[in-house]
Amino acid sequence: METLFRPSPLPLLCTSRPISSLNSPFLHNTPSRKVHQRVQSSKFPSFLDLEPVLKPEPIDFDLSWFDPSDRRRFDVIIIGSGPAGLRLAEQVSRYGIKVCCVDPSPLSMWPNNYGVWVDEFESLGLEDCLDKTWPMTCVFIDDHKTKYLDRPYGRVSRKELKIKLLGGCVANSVKFHKAKVWKVEHEEFESSIVCDDGIELKASLIVDASGFASPLIEYDKPRNPGYQIAHGILAQVDNHPFDMDKMVLMDWRDSHLGNEPNLRGSNSKFPTFLYVMPFDSNLIFLEETSLVSRPVLSYMEVKKRMVARLRHLGIKVRSVIEDEKCLIPMGGPLPQIPQRVMAIGGNSGTVHPSTGYMVARTMALAPVLAEAIAECLGSTRMIRGTPLYHKAWNGLWPVERRCTRECYRFGMEFLLKLDLNGMRKFFDAFFGLEPHYWQGYLSSKLSVGELAMLSLSLFGHASNSSKLDIVTKCPAPLVKLMGNLALETI
């Protein structure tokens with residue numbers, strides 16, 4: 001999902017969100033099935049013991065495979081065939097640049113569910129890749145107050161988006177190689193990758209789109225991200241209480257924990273909310289989410305809260321079609337700029353630092369990065385080595401974009417300090433802003449000046465107790481923000 005935060009004096013939070021599943025080294029608290037059973041109630045069985053009905057199957061698509069007998073040099077090699085890698089491959093190859101995409105399973109189905117604002121995908125010409133839309137979204141602040149947002153929301157069809165991107169790649173002569181990359185080596189004007197099948201490929205530029213856990217991207221500052229963690233299910237249920245024409249962006253209610261004093265106490269300090277996509281009266285996507293925490297909230301804690309919430313709502317899960325275990329590092333420093341390996345996606349800093357949202361932003365930034373690469377490797381020019389690395393990294397992260405990201409990081413640091421009541425007051429004020437501000441914040445479209453105005457407006461809309469939160473909890477993140485902004489503009 002996404003979150004909101006940014007500019008100088010005040011922070012903001014989020015909305016819109018990707019639901020992503022990762023096999024991550026950070027997930028140390030995932031319980032076993034035996035532990036799951038302890039959460040059950042004999043009167044209202046838990047959904048945690050239900051195995052997902054659907055097993056992801058590879059997409060049936062005719063790719064252009066790399067032939068080992070062919071020339072093994074390309075202009076660009078992209079590691080990874082997730083949304084970021086395929087989008088960049090499709091965009092770069094439009095310029096006649098020779099691209100090879102390397103992935104151990106290029107045709108596998110993405111495990112992630114992605115939710116996006118409909119207008120974002122429409123502006124990218126990707127509206128045909130939405131399999132469900134809701135005309136409105138809503139935010140339950142508490143049991144007595146609900147915010148209704150007049151902005152349509154949609155779920156991305158993973159299959160349609162991947163087929164569309166693969167089709168563009170094939171039409172532009174992108175080659176695919178099914179392998180894992182073992183290492184990357186560099187010379188002055190050329191880099192090479194060595195794969196687990198012994199194949200070595202060379203290119204002027206290597207782009208890593210393999211995700212958060214990649215060891216190929218270098219940092220020159222300590223990494224100190226916040227973490228968004230969630231458990232989600234697409235489920236068949238007897239019934240549910242949600243309106244079919246409204247997507248629930250956030251449900252901060254905690255009445256379901258009335259008979260769970262331990263869970264209620266921990267939720268008051270480290271709150272989670274429910275994210276809901278109702279498809280029909282019996283099919284629904286539900287996800288319990290910790291917006292951001294440091295250190296990461298226990299995964300078992302998140303699932304216990306979800307069990308209690310569904311029991312309270314009277315939602316009886318008959319079958320789990322898909323489940324998701326989501327962990328998203330957010331914020332932290334940008335990678336070292338420049339460096340010899342380019343990055344896009346989860347390891348490039350494009351994840352919204354205060355919401356965890358990424359897919360729409362990546363779809364929008366890939367053409368920008370592709371243009372910067374084409375200016376160096378296009379048919380009429382051949383700029384390689386250090387000038388190429390500078391051009392690519394600064395194309396993705398110009399000074400203005402780095403500064404706005406620092407504002408989002410400020411928002412994340414502020415959110416880390418809020419308890420449940422603080423979160424409620426914050427979002428009550430945030431979604432009371434003019435749509436230009438909260439929509440722009442969630443879509444990463446505001447300038448530094450607009451973010452500053454948003455912060456001032458947010459302070460004006462905040463309750464007295466929320467203003468006190470801002471005054472008492474913002475100074476440290478604000479000092480850090482100003483220092484980082486100064487460094488970025490030097």
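A residue is taken as exposed when its relative accessible area is over 50% and as buried when that area is under 20%. In the predicted model, R94 has a relative accessible area of 53% and is therefore exposed, whereas E90, at 7% relative accessibility, counts as buried. These residues, E90 and R94, form a salt bridge in which the closest N and O atoms lie 3.5 Å apart.

The protein chain contains 14 helices and 18 strands, and buried residues account for 58% of its 490 residues. Of the contacts in the chain with a separation of 6 or more, 78% are made by residues 24 or more positions apart. The chain exposes about 19,400 Å², of which carbon and sulfur atoms supply 52%.

Across the whole structure, 23 salt bridges are found, and D254 takes part in a salt bridge with R264, with the closest N and O atoms 3.5 Å apart. This pair connects distant parts of the chain, with R264 placed in helix α5 (residues 261-269) and D254 in the loop between β14 (246-251) and α5, 10 residues apart. R264 is partly exposed, at 32% relative accessibility, while D254 is buried, with a relative accessible area of 8%.

The side chain of D254 also meets that of R424 in a salt bridge, at 3.1 Å from N to O. Here the loop between β14 and α5, which holds D254, is linked to helix α10 (residues 420-430), which holds R424, the two residues being 170 residues apart. D254 and R424 are both buried.

Conventions. Residues numbered from 1 in each chain as written. Predicted model: local features only at pLDDT ≥ 70, side-chain atom pairs only at ≥ 80, totals over all residues. Heavy atoms only, no water. Helix = DSSP H or I, 4+ residues; strand = E, 2+ residues; numbered from the N terminus. Buried < 20%, exposed > 50% of the residue type's maximum accessible area, 1.4 Å probe, protein only. Contact = heavy atoms within 4.5 Å. Areas by Shrake-Rupley, 256 points an atom, 1.4 Å probe, with all protein chains shown as cover. Salt bridge = Lys/Arg side-chain N within 4 Å of Asp/Glu carboxyl O.
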